[in-house]
Amino acid sequence: MGNPEHPNVTLFKEAEAAMQSQGPEAWVEYLADDVVWHEIGADEPIRGKLALAERWAGLGAAFGDLTTDTHAVMADDEHVVQLVNVTVTKPDGETFKYRTAEIYHVKDGKVTERWAFSDDTDRINRFFTGAPPA
Amino acid sequence: MSMNDGGPSKRSSDAAVAVIRQLSEAFNARDEATISSLLADNIEWHEIGRAEPIRGKAALAERFSGALPKWQITPEVHDIVANDDHVVMLVTATATMDGRSFTYRVAEIYHVRDGKVTARWAFSDDTAAINEFFAGT
């Protein structure tokens, strides 16, 4: 018998559906104005919804098409953990796949902070910085 | 109400969370018998920095018996979330080895079936730093 779904799991499923139907910008509606967004390879987080929306708007031009496939979402009152398979297809057709555990703080139905963990962040950093393999 | 507080809407994933809590405590106590009792015979254990997982309980026991004496890891469990298929334990770990100390954050992802861990992955925000610290172990 299925378990009752935590409201934050429901929230993330809604956000995912909105993103699939309306594009990545739909995600912005689920962010707190003062969201703190930690990215793999960045010493400092991106602070604020507007700065993050700008960051996302530039990603497509810089890296091509980025698609996400959510494997699982779990939540309690403190955290949402989303297990995601990511595929990046560069303009030249090269593809790059990696897995992340996205960890969120959510308050009043809005994401207030996010971290991304993976099993090989060095490989992710090399791809997004264009550095050759170590 | 927290997802894991065992309240009236007790979830089937609570049993899997209990297994992971028990496993974490057994690692801290270096209680090899309890660790073994919580692992499936055909477990797949993925470690940061290893291209291939360790396959099988016997191989994993060898890994632990060889590696554990070299380091001391003190984990602080920050939170555990779960659904019917996965348990994710958020941990801040401090490792000490050869007089060196290193603190890192990790999300340990587990599959649990019939009270046994069948697979485990470890994700972090800086795996290069982890690989550097544990190099050679």
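Figure 1. The hairpin of β5(A) and β6(A), to which D108(A) belongs, has two residues between the strands. The strands on either side, β5(A) and β6(A), run antiparallel and are joined by eight bridges, and in this pairing H105(A) stands opposite E113(A) of β6(A).

**Figure 2. The pairing of β4 and β5 in chain A.** Strand β4(A), residues 80-89, pairs with β5(A) in the antiparallel sense over 10 bridges. Within this pairing, Q82(A) has E102(A) of β5(A) as its bridge partner. The hairpin formed by β4(A) and β5(A) has five residues between the strands, and here G93(A) takes a positive phi near 95°.

Figure 3. P7(A) is found in helix α1 of chain A, which covers residues 7-22. The C-alpha atoms of P7(A) and G109(A) are 8.8 Å apart in space, although the two residues are 102 residues apart in sequence. P7(A) is itself exposed, with 12 other C-beta atoms within 10 Å; the residue still counts as exposed because the class extends to 12 or fewer such atoms.

**Figure 4. Helix α3 of chain A and its buried face.** In helix α3(A), residues 121-129, the buried residues are T121(A), D122(A) and I124(A). Seen down the axis of α3(A), these buried residues fall within an arc of 160°, so they line one face of the helix. They pack against elements of both chains, namely β5 (95-107) and β6 (110-118) of chain A together with β6 (116-124) and α4 (127-133) of chain B. The helix α3(A) is followed by G130(A), whose phi is positive, near 80°.

**Figure 5. The side of chain A that touches chain B.** Across the interface, 23 residues of chain A are in contact with 28 residues of chain B. On the side of chain A, the elements that give two or more residues are β3 (65-75), β4, β5, β6 and α3, and the largest share, four residues, comes from β6(A). By residue class, this side of chain A divides into 12 nonpolar, five polar and six charged residues. For the model as a whole, the scores are ipTM 0.89 and pTM 0.89.

**Figure 6. A101(A) in the largest nonpolar core.** The largest nonpolar core has 47 residues, of which V81(A), A101(A), I20(B), V87(B), V88(B) and A107(B) touch the most other members. Leaving aside residues up to four places away in sequence, A101(A) touches V81(A), L83(A) and F117(A) in chain A, and V88(B), A107(B), I109(B) and F123(B) in chain B.

**Figure 7. R30(B) in the loop between α1 and α2 of chain B.** R30(B) lies in the loop between α1 (13-29) and α2 (32-37) of chain B. The phi of R30(B) is positive, about 55°, although this residue is not a glycine. R30(B) counts as exposed, with 12 C-beta neighbours inside 10 Å.

**Figure 8. Chain B, with its N-terminal residues.** Chain B has four helices and six strands, and from the N terminus on its elements run α-α-β-β-α-β-β-β-β-α. Buried residues make up 26% of the 137 residues in chain B. Among the contacts in chain B with a separation of 6 or more, 46% are accounted for by residues 24 or more positions apart. The average pLDDT of chain B is 88, and 89% of the residues score at least 70. Over residues 1-10 of chain B, however, pLDDT stays under 50, and the model has 13 contacts beyond four places in sequence for these residues. Where pLDDT is low, the predicted coordinates should not be read in detail.

Conventions: Residues are numbered from 1 along each chain as its sequence is written. Chains are lettered from A and ligands numbered from 1 in the order in which they are written. This is a predicted model: local features need pLDDT of at least 70, side-chain atom pairs count only at pLDDT 80 or more; totals for chains, interfaces and linings use all residues. A residue is buried if 20 or more other C-beta atoms lie within 10 Å of its own, exposed if 12 or fewer, and partly exposed in between; C-beta atoms are placed from the backbone. The arc is that of the directions from the helix axis to the C-beta atoms. Two residues are in contact if their C-beta atoms, placed from the backbone, lie within 7 Å. Two strands pair if DSSP finds at least two bridges between them. Ala, Val, Leu, Ile, Met, Phe, Trp, Tyr, Cys and Pro count as nonpolar, Asp, Glu, Lys and Arg as charged, and the others, Gly among them, as polar. pLDDT is the predictor's confidence in each residue, from 0 to 100. A nonpolar core is a set of buried Ala, Val, Leu, Ile, Met, Phe, Trp, Tyr and Cys residues joined through C-beta atoms within 7 Å.
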